[in-house]
Each structure stands twice: as structure tokens, then as C-alpha cells.
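Me: I have a model open and want to learn how to read it. Please take me through it feature by feature.

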Amino acid sequence: DAFPVQIGVDGAGDRERRILFAGRVDEGAVARAAAAERRLGSRHAQERLMMGQVAREILTNLAQVEQTLDAFFRDTSRRDELSALAGPLKQIEGALTILGQDKAVFLLRDCEARIKSFTDLDNAPSQHEFEVVAHSLSGLGFFVDALQYGPADLDEILKPVQPKARMAEEAIVEATAPSVED
């Protein structure tokens with residue numbers, strides 16, 4: 001005992017006093033920790049709210065871009081409408097840049113370049129080019145939506161999904177392919 005305190009003959013009061021003192025110290029530490037946790041929780045809540053707002057703005061702009069592109073894909077004579085996409089695309093790019101989502105910015109810039117090429121009267125975009133842009137923007141939307149709830153993997157979201165029939169077909173081909181031993 002570094003601070004021996006004798007109360008009464010058997011020292012029974014000493015234990016209670018140490019418990020009370022420790023309780024007061026713990027109450028103060030607990031109060032400080034709780035306040036820090038509330039501040040941290042409040043900051044996390046504010047970050048989540050801000051991320052949700054930014055994500056909604058990005059998704060709103062993406063919806064506008066996708067709607068305009070869908071109209072163009074159905075009727076390529078509507079090329080002049082594509083120029084109106086520069087603003088929403090720049091807003092999306094700015095938001096993604098602020099969020100530090102470099103891969104998403106790179107993907108968006110690729111889409112911007114492709115969309116810009118669609119405005120060229122001498123360029124007749126192929127169905128494949130339409131699909132690449134549509135897939136990229138759709139994946140970007142899923143990515144931004146997922147970011148609202150925490151980290152997201154853009155590469156994983158953009159992976160093409162193989163139909164089960166194709167996978168089964170490939171397994172059959174591999175099983176029937178001649179081996180080196182044959």
C-alpha cells in the first residue's frame with residue numbers, strides 16, 4: 001500500500017474510501033471518454049450525412065446523364081443534346097475528386113471522352129461503344145451508392161458477370177479438350 005490509511009482497528013473503511021476515490025476517478029474518465037465518443041460519433045454522423053448528400057447529388061447528375069444518353073442511343077440525330085452533359089459530368093468529376101476517388105474520376109473522364117466523340121458527325125458510334133459507356137456509368141452509380149455506407153471497390157463493381165450457361169459451357173469444353181497425355 002503506497003498510501004496506507006488506517007481507519008478503525010481493522011482498516012475496514014480504507015477499502016471503501018479507495019473504492020469511492022477510484023469510482024470518482026473512473027466517473028471522470030468515463031465522462032471524458034463518453035464526451036469524446038459523442039464528439040467522434042457526432043463527427044462520424046456528420047461525415048455520413050455529408051457523404052449521403054454528395055452521393056445523392058452525384059446520383060442525380062448521373063441520372064440526368066444516363067437519361068440524355070439513353071435518348072441519344074435510341075435516336076442518334078439528337079447529338080446536339082449531348083453538349084448539355086458537360087456541366088453535370090464536371091460536377092460529378094469535382095465531387096469524386098474531392099472524395100479522393102481517383103479510379104472513379106479516371107472512369108468518368110473516359111466516359112466524357114467517349115461522349116464527346118459521339119458528337120462528331122463523322123463518327124457513327126457502334127452499339128458496343130454505347131454499351132461500354134452505359135456499363136461504366138451504371139457501375140459508377142452503384143459505386144457511389146455503395147460509398148454512402150463505407151468503402152467500395154469500383155473494380156469489383158465493374159466486373160462483368162458471366163452467365164451461368166456460359167460458365168457451364170466453358171467447363172464442358174475444358175473437360176473434353178484433349179490433354180497433353182493423349
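Me: How many aromatic pairs does the structure hold?

Reply: A pair of aromatic rings is described by the distance of the centres and the angle of the planes. Rings of Phe, Tyr and Trp (its six-membered ring) pair if their centres lie within 6.5 Å; planes under 30 degrees apart count as stacked, over 60 as edge-to-face and the rest as tilted. The structure holds six such pairs. One of them joins Phe72 and Phe73, with 6.2 Å from centre to centre and 55° between the planes, a tilted pair. Phe72 and Phe118 have ring centres 5.8 Å apart and planes at 25°, so this pair is stacked.

Before going on, two notes on the source. This is a predicted model: local features need pLDDT of at least 70, side-chain atom pairs count only at pLDDT 80 or more, and totals for chains, interfaces and linings use all residues. Residues are numbered from 1 along each chain as its sequence is written, and side-chain values use heavy atoms, with hydrogens and water left out.

Me: Why does the pair of Phe72 and Phe118 tie together parts that are apart in sequence?

Reply: Look at the helices. Helices (H or I, at least four residues) and strands (E, at least two) are DSSP runs, numbered from the N terminus. Phe72 lies in helix H1 and Phe118 in helix H3, so the pair links parts 46 residues apart in sequence. Phe72, Phe73, Phe118 and Phe130 form one aromatic cluster.

Me: Is Phe73 buried or partly exposed?

Reply: Buried means under 20%, exposed over 50%, partly exposed in between (1.4 Å probe, protein chains only). Phe73 has 22% relative accessibility, so it counts as partly exposed. Phe72 has 0% and counts as buried. Phe118 also counts as buried, at 0%.

Me: How many helices and strands are in the protein chain?

Reply: The protein chain has six helices and zero strands. Along the sequence the pattern reads α-α-α-α-α-α. Buried residues make up 25% of its 182 residues.

Me: Which residues of the largest nonpolar core touch the most other members?

Reply: In soluble globular proteins, nonpolar side chains tend to be buried together. A nonpolar core is a set of buried Ala, Val, Leu, Ile, Met, Phe, Trp, Tyr and Cys residues joined through side-chain atoms within 4.5 Å. The largest one here has 29 residues, and Leu69, Leu96, Ile115, Phe118, Leu137 and Leu140 touch the most other members. Two or more core residues come from each of H1, helix H2 (86–98), helix H3 (102–118), helix H4 (127–147) and helix H5 (154–158).

Me: Which residues does Ile115 touch?

Reply: Contact means heavy atoms within 4.5 Å. Leaving out residues up to four places away in sequence, Ile115 touches Val65, Leu69, Leu82, Leu85, Leu89 and Val133.

Me: Which residues of H4 are buried?

Reply: An α-helix has 3.6 residues a turn, so residues three or four places apart point the same way. In H4 the buried residues are Phe130, Val133, Ser136, Leu137, Gly139, Leu140, Gly141, Phe143, Val144 and Leu147. The expected span of a helix is 1.5 Å times one less than its number of residues. H4 has 21 residues and reaches 30 Å from first C-alpha to last, close to the expected 30 Å.

Me: Where does Arg79 lie?

Reply: Arg79 lies in the loop between H1 and H2. Arg79 is buried, at a relative accessible area of 14%. Beyond four places in sequence, its contacts include Phe72, Phe118, Thr119 and Asp120. The Arg79 side chain reaches the backbone oxygen of Phe118 at 2.3 Å. Polar contacts need a pair of N or O atoms within 3.5 Å; within protein, one must be able to donate a hydrogen and the other to accept it, and residues adjacent in sequence count only if both atoms are side-chain atoms. Arg79 and Thr119 are 40 residues apart in sequence and 5.4 Å apart in space, C-alpha to C-alpha.

Me: Which residues is Thr68 in contact with, beyond its neighbours within four places in sequence?

Reply: Thr68 is in contact with Glu81, Leu82 and Leu85. Thr68 is found in helix H1 and counts as buried, at 17% relative accessibility.
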